[in-house]
Amino acid sequence: MSVFTTLTEDEVAVWLQQFDIGHLQALKGIAAGITNTNYFVITDKNRYVLTIFEKHTLDELPYFVDLMAHLAAHGVPCPTPVADKHGVSLHLLHGKPALMVSCLQGKDIAIPDIEQVRQVGATLAQLHLAGMSFTRQSVNQRDEDWRNVTAQQVMPKLSEADQKMLRAELDYQHSLNVSELPSGVVHGDLFRDNVLFDGEKLGGFIDFYYACHDILLYDVAIAVNEWCLHHNGPDLGNLDEEKMQAFLDAYQRLRPLSAQEWKLWLAMLRRAALRFWLSRLYDFYFPQDGELTHTKDPNHFKKILQQYLDMAEDLGA
């Protein structure tokens, strides 16, 4: 959620005339994130989020628009796409796809407590269950092919030790048989800056633009790698067992994990850590130009992956 495409209040005010949402009062760029351009659009009627898609084409986006509408209709707290006077949600701005959605209450949190972690786990299970009745499918943009291509791009930049670690994990993930794991709609990017809390109450999940049809357990692992760490103190970046147990307990009250999922749980934690180590390496070495952007430290996820490799070694896995 960075600003790569600069908009002015005057051009947005004109653009908004095709909607019935009032007159523009303020336009504010959103700095967090690294993929799309996002602005708060504040009118005399309400507050919205405007996204300019920097990488998606117009043809790729109906899946995400329909998914958010489906999840919202099934009680999952998430943004609702805003349609214009003709019922159309997707438009072009600066020649790029643009979408406005409702602005949820709350803000992201830096250090979640146990109760907030439980709410995230329960809401993710709610999303997975609601997604089972969503008939459209979209492939994972960050699948094995992407991992292999991205690894080849960043490999020359890495130390010999990191190259060895990366190659070994790619080989391990390729060797896995995940055909029996339940799949469905996944969020794919459930980081703290994509979850809003209104005080202690979860306000909603946002930024569904990595959502796709994939392994549900993988989505759980992505979330655990973000929400169930020590976020301060001497154990910063290490797995917080108490938070992980709280997350999984809350999730399983709605969707219990199968024996096969438990068998591959550590493998999915490793896959999730690998995915974000790779994407952060790419963004670090091949940054995209933009205003207000933040490049995130790749070593954070290398450290997480190393923890799981150490666990696997201790278990003889």
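Start by selecting Ser89. With 14% relative accessibility, Ser89 counts as buried (buried is under 20% relative accessible area, exposed over 50%, partly exposed in between, with a 1.4 Å probe and protein chains only). Ser89 sits in the loop between α2 (62-73) and β4 (91-93). Helices (H or I, at least four residues) and strands (E, at least two) are DSSP runs, numbered from the N terminus. Now show the contacts of Ser89, meaning heavy atoms within 4.5 Å. Beyond its neighbours within four places in sequence, Ser89 meets Val65, Pro81, Val82, Ala83, Ala98 and Leu99.

A word on the model: it is predicted, local features need pLDDT of at least 70, side-chain atom pairs count only at pLDDT 80 or more, and totals for chains, interfaces and linings use all residues. Residues are numbered from 1 along each chain as its sequence is written, and side-chain values use heavy atoms, with hydrogens and water left out.

Next, select His94. His94 lies in the loop between β4 and β5 (96-102). Its phi is near 55°, a positive value in a residue other than glycine. His94 is partly exposed, at 46% relative accessible area.

Jump to Asp207, in the loop between β8 (201-205) and β9 (212-215). Asp207 also is not a glycine, and its phi is positive, about 55°. Buried or exposed? Asp207 counts as buried, at 16% relative accessibility.

Now select helix α6, residues 216-227. Twelve of its twelve residues are buried, so α6 is largely enclosed by the rest of the structure. Among them are Tyr218, Asp219, Glu226 and Trp227. Check the length: at 1.5 Å a residue, α6 should span 16 Å, and its end C-alpha atoms are 17 Å apart, which agrees. The expected span is 1.5 Å times one less than the number of residues.

Move to the largest nonpolar core, which has 83 residues. Such a core is a set of buried Ala, Val, Leu, Ile, Met, Phe, Trp, Tyr and Cys residues joined through side-chain atoms within 4.5 Å. Leu166, Val224 and Phe247 touch the most other members. Helix α9 (residues 265-285) supplies the largest share, twelve residues. A second, separate core holds 18 residues, including Leu16, Phe19, Val82 and Met100.

Finish at Phe247. Which residues does Phe247 touch, not counting those up to four places away in sequence? They are Val117, Val120, Gly121, Leu124, Val220, Ala223, Val224 and Cys228.
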